[in-house]
Amino acid sequence: MRTKKEINLIKKLFLKHFDKPITELNFSNIYELLVAVMLSAQCTDKRVNLITPALFKEYPDVKSLSNANLMSVKNLIKSCNFYNNKASNLIIMAKSVMNNFGGKIPSSRDELMSLAGVGQKTANVVMIEYFGANLMAVDTHVFRVSHRLNLSKSKTPKETEIDLTKAFKSELNWLHQAMVLFGRYTCKAIKPKCNECFLNELCKSKDKVI
């Protein structure tokens, strides 16, 4: 594992190269953000951004979504992976918001996680992107980057989240998105762009391309 000095350097470099980065998902309010993040599981942000305009036109708020026809939602999101389960969860989530939270998307992680289809990662992303919460969310990119940089050796995203939170401590919201973008465009799963990497000298990963 990394020394405290190395961790602080990695943190400093991430924050330097990614100046307060935000998600690439398109949204204009917390309802749209939550729906987009739910759709993004096992699906690219680019694909989600192609899906949501028509979805939000048909169901512009949580109330309309709570009354949505299941087949209608399925048809609107059918190009998204696992669209059957996601369509069901979206409607159940909306009904729960209407029945249990007075029609307002909850603003705490625990309350978000009480909604159908909203796990810890999804709740964390909403809290990070909408409220600037000091939380870390671990998707496939963050998981890969954290292990390549020897910031974690944990085998699950939740355990990796704990490792990164302990290591970085603060500014986790910016670091989460920085690691997402870094993993998406530089430290890619296949053919990482090591020659362009600002962390090249600090990386000893077996996946490193010399």
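**Helix packing and a few residues**

Me: Hi! Looking at helix α1 and helix α11, at what angle do they pack?
Reply: In this predicted model, helix α1 (residues 4–17) packs against helix α11 (residues 172–185) at an angle of about 75°. Their axes are 10 Å apart.

Me: What do you call that arrangement of α1 and α11?
Reply: The angle falls in the 65 to 115 degree range, so α1 and α11 count as roughly perpendicular to each other.

Me: And which residues meet there?
Reply: From α1 you have Lys11, Phe14 and Leu15. On the α11 side they meet Trp174, Leu175, Ala178, Met179 and Phe182.

Me: How many of them are nonpolar, polar or charged?
Reply: The contact of α1 with α11 has seven nonpolar residues and one charged residue, with no polar ones.

Me: Where does Thr3 sit?
Reply: Thr3 is in the segment before α1. Its relative accessible area is 42%, which means Thr3 is partly exposed.

Me: How far is Thr3 from Phe56 in space?
Reply: They are 46 Å apart, C-alpha to C-alpha. Along the sequence, 53 residues separate Thr3 and Phe56.

Me: Let's move to α2 and α3. At what angle do they cross?
Reply: Helix α2 (residues 30–40) and helix α3 (residues 45–58) cross at roughly 135°, and their axes come within 10 Å. The two are therefore oblique to each other.

Me: Is the crossing of α2 and α3 left-handed or right-handed?
Reply: For α2 and α3 the crossing is right-handed.

Me: Which residues make that contact?
Reply: α2 brings Tyr31, Glu32, Val35, Ala36, Leu39 and Ser40. α3 answers with Asp45, Val48, Ile51, Thr52, Leu55 and Phe56. By class, the contact of α2 with α3 has eight nonpolar, two polar and two charged residues.

Me: Left-handed or right-handed, for α9 and α10?
Reply: The crossing of α9 and α10 is left-handed.

Me: Which residues of α9 and α10 touch?
Reply: Val142, Phe143, Ser146 and His147 come from α9, while Pro157, Thr160 and Leu164 come from α10. This contact of α9 with α10 divides into four nonpolar and three polar residues, with no charged ones.

Me: Are Cys194 and Cys203 buried or exposed?
Reply: Cys194 has 11% relative accessibility, so Cys194 counts as buried. Cys203 is at 16%, so Cys203 counts as buried as well.

Me: Last one: where is Ser66, and which residues is Ser66 in contact with?
Reply: Ser66 belongs to helix α4 (residues 62–66). Leaving aside its neighbours within four places in sequence, Ser66 is in contact with Ile91, Ala94, Lys95 and Met98.

Me: Is Ser66 buried or exposed?
Reply: With 6% relative accessibility, Ser66 counts as buried.

Key: Residues numbered from 1 in each chain as written. Predicted model: local features only at pLDDT ≥ 70, side-chain atom pairs only at ≥ 80, totals over all residues. Heavy atoms only, no water. Buried < 20%, exposed > 50% of the residue type's maximum accessible area, 1.4 Å probe, protein only. Axes fitted to C-alpha atoms, helices over the stretch in contact; angles between N-to-C directions. Helix = DSSP H or I, 4+ residues; strand = E, 2+ residues; numbered from the N terminus. Parallel < 35°, antiparallel > 145°, perpendicular 65-115°, else oblique. Contact = heavy atoms within 4.5 Å. Nonpolar A, V, L, I, M, F, W, Y, C, P; charged D, E, K, R; others polar. Left-handed = near helix turned anticlockwise from the far one by under 90°.
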